[in-house]
Amino acid sequence: MNRSELEKRVEELNNLLHTYGRAYYMLDNPVVTDKVYDEHMQELLSIEAENPDLIYPDSPSQRVGGEVLAGFGKVVHAYPMLSLSNAFNAEDLREFDRRVQTAVGDVSYICELKIDGLAISLRYLDGKFVQGSTRGDGTIGEDITANLKTIRTIPLRLNESSTIEVRGEAYMPKKSFVDLNAARDEAGEEPFANPRNAAAGSLRQLNPKMAASRNLAIFVYGIGGDGSAYGQDRHSDSLDHLGVLGFETNKERQRCATIEEVIDYIEKWTKKRSNLNYEIDGIVVKVDRFEEQEQLGFTAKSPKWAIAYKFPAEEVMTKLLAIELSV
Ligand code: NAD
């Protein structure tokens, strides 16, 4: 591509990704599959890497999530809620491992299932649940406390009187999703495209009774800010501690001593994922020790100590297929 073709393509990709992002993050109603979104994003990222002058300040590559919907109160996150950089194959993971090793030497990793739901933040004051919010644009989220209180696996009171902000993924179990779409079909309503959109749509209802009727659940996957402030040295230990406090954490997590062990874990879950009663869209790999996480630091958009491996697309959403083919 010559320069003017490149400029044109970058503008095109910016516009497309902006449109897709708005439909996905703000309206909970995607117009293309994640595969199409990810391919466009990878194309934009690779052009931007070669031509940094074509990175616009409002490029979707520079932003986390969506904007905050009107109708909800705004919550400024005490610690930003970031995105994760992506890996699509074993080589991307080995490359991530090389970058980590160059920066901090040998590390151990923790692998977690990447639950396909909605990122939320929960604030506790002296052990009592006081506020819950969406990720929003990463800095400011929507106050959805009333809706989150309807999720039975969110403790309203912790087992210790901690003041803590935790992060997790709210999701809709597969069975609840199937039942909900059957009921919507019967009522002549549009079905949800997938459990993720159903969960996000349910939590961004202004009427908490609606959220209460949707059988949502949550897995907590971390602490906002400095995890070591609560006495643990490793993320894996802090997940155990979150369990002691009364949170539901995902039990399929595994510590891995090498990136090859990480790749084995991913292969195992690529085969087993359909047996789970909730949807996952990948595996999140994190450097386990907080000290090493701190040394690695962050980019503007994501931590340098974690990466999300994305599964190849499994299901085809017929509603989206026609659009995908025409893009
Ligand atoms: P991401 O999917 O790249 O990863 C970050 C998120 O992972 C976190 O915010 C958190 O919610 C979640 N997560 C789940 N389990 C976790 C765990 N154990 N530890 C840490 N985080 C965990 O998030 P993003 O920045 O929202 O994503 C972009 C992705 O969303 C794209 O790659 C694409 O697949 C999808 N997307 C699709 C469309 C579309 O139109 N289809 C549009 C925008 C985005």
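The legends below describe close-up views of a predicted model.

Residues are numbered from 1 along each chain as its sequence is written. Local features need pLDDT of at least 70, side-chain atom pairs count only at pLDDT 80 or more, and totals for chains, interfaces and linings use all residues.

**View 1**
The protein chain is assigned domain 1 (1-63) and domain 2 (64-68 + 81-326). These bounds come from an automatic or database domain assignment. Taken over C-alpha atoms, the centres of domain 1 and domain 2 are 24 Å apart. Domain 1 gives 16 residues to the contact and domain 2 gives 20 residues. Two residues are in contact if their C-beta atoms, placed from the backbone, lie within 7 Å. On the domain 1 side, H1 and H2 each supply at least two residues. Helices (H or I, at least four residues) and strands (E, at least two) are DSSP runs, numbered from the N terminus. The side of domain 1 that touches domain 2 divides into 6 nonpolar, 4 polar and 6 charged residues. Ala, Val, Leu, Ile, Met, Phe, Trp, Tyr, Cys and Pro count as nonpolar; Asp, Glu, Lys and Arg count as charged; the others, Gly among them, count as polar.

**View 1. The shell around the ligand.**
There are 23 residues around the ligand. A residue is near a molecule or strand if its C-beta atom, placed from the backbone, lies within 6 Å of it. Tyr24, Asp34, Ser83, Glu112 and Ala119 come nearest. Helix H1 (3-26), helix H2 (34-50) and strand S3 (109-115) each supply at least two residues of the shell. H1 has the largest share, 4 residues. By class, the shell has 12 nonpolar, 5 polar and 6 charged residues. Domain 1 and domain 2 each provide at least three residues of this shell.

**View 2. Helix H1 against helix H2.**
The axes of H1 and H2 come within 10 Å and cross at roughly 145 degrees. Axes are lines fitted to C-alpha atoms, for helices over the stretch in contact, and angles run from 0 to 180 degrees between N-to-C directions. The crossing of H1 and H2 is left-handed, that is, the near helix is turned anticlockwise from the far one by less than a right angle. H1 makes the contact with Leu6, Arg9, Val10, Leu13, Leu16, Leu17 and Tyr20, and H2 with Tyr37, His40, Met41, Glu43, Leu44 and Ile47. This contact has 10 nonpolar, 1 polar and 2 charged residues.

**View 3. The five-stranded sheet.**
An open, mixed sheet of 5 strands has the order S2-S11-S10-S3-S9. Two strands pair if DSSP finds at least two bridges between them. Strand S2 (86-87) and strand S9 (254-256) stand at the edges with a single partner strand each, so one side of each is left without a neighbour in the sheet. S3 and S9 run antiparallel, joined by 3 bridges. Cysteine 111 stands opposite glutamine 254 in S9.

Strand S7 (residues 164-171) pairs with S8 over 6 bridges. Alanine 170 stands opposite isoleucine 218 in S8.
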